[in-house]
Amino acid sequence: MRLDKLLANLGYGSRKEVKQLLKSGAVKVNDVVVKDAKQHVDPLNEMVTLNGEVIEYKEFIYLMMNKPAGVLSATEDNREETVIDLLEVDDQVYQPFPVGRLDKDTEGLLLITNDGQLAHRLLAPKKHVPKTYFAVINQEVTEEDILAFKKGVTLDDGYVTKPGELKIVKSGLHSDIELTITEGKFHQVKRMFEAVGKKVLYLKRISMGPLLLDETLELGEYRELTEEEIELLKEYQVN
Ligand code: URA
């Protein structure tokens, strides 16, 4: 990773300010003064100091992506593009992975991190972390569907879902809905609608626990979580 990017990422100023810092000779890599902002460093294995103080390299990275359709929620795949392929190399070095899966054709909120403990807590079935999806359905969604989802519907493999909260956003021949579920069975939203004889035409996740999709992110774009979002996720408890 470029030295100026490393320092800027860690909060030592803008790229321009960091350049000045480097010019002043305040930064050393493995005890050698480095003034070249473009120099690459391996922050996990090289010692970077600023005015003699060792710079702590962050261990964890927390990214929110607005996943586009057409890419896999996986770390690698021989044939298809994955969400990790969409990250900059400087973020890939942290070896992050997606927390849970969205189908290839599903868009929206995807948390990508290398914090295994946090991922585990968010994914553990016992935690019942709510996830809300926006969907377009191929028919009119009705009050009966709302009641059926509230009770739990029987999927094609006989599994009865936990209660889901269904809201009709726009009713019509194609209905817009929001559905909140607390489980993550394979293709769950699509299969819940199949259970009531309907089909999901478009699916996008808009929230996961306390984390809301940042609608300013274009499809395929991502950003680091704010400190506040990270705190919210870490403190998040549901039963
Ligand atoms: N439910 C689905 O059917 N697909 C997803 O990607 C997420 C939830």
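**Tour of the interface between domain 2 and domain 3**

In this predicted model, the C-alpha centres of domain 2 and domain 3 are separated by 23 Å. The contact between them draws on 14 residues from domain 2 and 10 residues from domain 3.

To set up the view, colour the protein by its domain assignment: domain 1 covers 3-54, domain 2 covers 62-125 + 211-235, and domain 3 covers 130-208. Then keep domain 2 and domain 3 in view.

Next, display the surface where the two domains meet. Domain 2 and domain 3 bury about 1100 Å² between them, and 46% of this area lies on carbon and sulfur atoms. Select Asp-103, Glu-107 and Leu-109: these residues account for 38% of the area that domain 2 buries against domain 3, more than any other three residues.

The interface of domain 2 and domain 3 holds three salt bridges. Select Glu-215 and Lys-204, whose side chains form a salt bridge with an N to O distance of 3.3 Å.

Continue with the elements on the side of domain 2 that touches domain 3. Strand S7 (107-113) and strand S12 (211-212) are the elements that each give two or more residues to that side. Strand S7 gives the most, with four residues.

Finally, colour the side of domain 2 that touches domain 3 by residue class: eight of its residues are nonpolar, two are polar and four are charged.

Definitions and conventions:
Residues are numbered from 1 along each chain as its sequence is written. This is a predicted model: local features need pLDDT of at least 70, side-chain atom pairs count only at pLDDT 80 or more; totals for chains, interfaces and linings use all residues. Side-chain values use heavy atoms; hydrogens and water are left out. Domain bounds come from an automatic or database domain assignment. Contact means heavy atoms within 4.5 Å. Buried area is the accessible area (1.4 Å probe) that two parts lose on being put together, summed over both. A salt bridge is a side-chain nitrogen of Lys or Arg within 4 Å of a carboxyl oxygen of Asp or Glu. Ala, Val, Leu, Ile, Met, Phe, Trp, Tyr, Cys and Pro count as nonpolar, Asp, Glu, Lys and Arg as charged, and the others, Gly among them, as polar.
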